[in-house]
Amino acid sequence: FGAMLSFEVDTERLAMVLPQRTTLFVDATSLGGVESLMEWRYKHDKAQPKGLLRVSIGLESADDLIHDLHQALDAPLSSPPSRIPGLP
């Protein structure tokens with residue numbers, strides 16, 4: 001555990017909602033914890049690209065994390081995730 005990575009998605013909207021569409025990743029900024037985290041960097045630092053996500057890997061199974069990320073990416077953008085009420 002403890003690996004960090006960043007990646008960019010195609011749109012700002014996808015970057016904004018992806019952390020909330022996952023079930024195993026926590027939408028938070030932190031380092032060195034045991035839980036997996038995902039954060040939309042632009043929310044905290046406007047100098048970052050709008051599609052940039054930062055991920056910190058925790059103790060969860062790699063296969064479970066990959067599956068969680070796939071299901072989050074496959075969800076249609078037209079239906080907002082239930083965990084963010086009032087999302088435009």
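Reader: Which residues line the largest cavity?

Author: Happy to start there. In this predicted model, the largest cavity is lined by Met4, Ala28, Thr29, Ser30, Leu37, Met38, Glu39, Arg54, Val55 and Ser56. The elements that contribute two or more residues to that lining are S3 and S4.

Reader: What makes a residue such as Met38 count as part of the lining?

Author: A lining residue has an atom within 4 Å of a cavity point. Met38 is listed in the lining of the largest cavity, so it has such an atom.

Reader: Why is this space called a cavity and not a pocket?

Author: A cavity is a set of points where a 1.4 Å probe fits but cannot get out, whereas a pocket is an open set. This space is counted as a cavity, so the probe cannot get out of it. The largest cavity has a volume of about 40 Å³, and the count at 30 Å³ or more comes to 1.

Reader: How is the lining made up by class?

Author: It has 5 nonpolar, 3 polar and 2 charged residues. Glu39 and Arg54 are in the lining, and they are charged because Glu and Arg belong to that class by definition.

Reader: Why are S1 and S2 said to stand at the edges?

Author: The open sheet of 4 strands has the order S1-S4-S3-S2, with mixed pairing. Strand S1 (4–8) and strand S2 (26–27) each have a single partner strand, so one side of each is left without a neighbour in the sheet.

Reader: Where does helix H1 lie?

Author: Helix H1 (residues 12–21) lies across S1, S2, S3 and S4, and runs at about 150° to S3.

Reader: What makes you call H1 mostly covered?

Author: Buried means under 20% relative accessible area, and 7 of the 10 residues of H1 are buried. They are Leu14, Ala15, Val17, Leu18, Pro19, Gln20 and Arg21. These buried residues pack against S1, S2, S3, S4 and helix H2 (62–74).

Reader: And what pattern does the chain follow along the sequence?

Author: It reads β-α-β-β-β-α, with 2 helices and 4 strands. Buried residues make up 34% of the 88 residues in the protein chain.

Methods. Residues numbered from 1 in each chain as written. Predicted model: local features only at pLDDT ≥ 70, side-chain atom pairs only at ≥ 80, totals over all residues. Heavy atoms only, no water. Pairing = 2+ DSSP bridges. Contact = heavy atoms within 4.5 Å. Axes fitted to C-alpha atoms, helices over the stretch in contact; angles between N-to-C directions. 1 Å grid on protein atoms, 1.4 Å probe; cavity = no way out; pocket = protein on both sides within 12 Å on 5 of 7 lines; lining within 4 Å. Points joined across faces, edges and corners; volume = space filled by probe spheres on them. Buried < 20%, exposed > 50% of the residue type's maximum accessible area, 1.4 Å probe, protein only.
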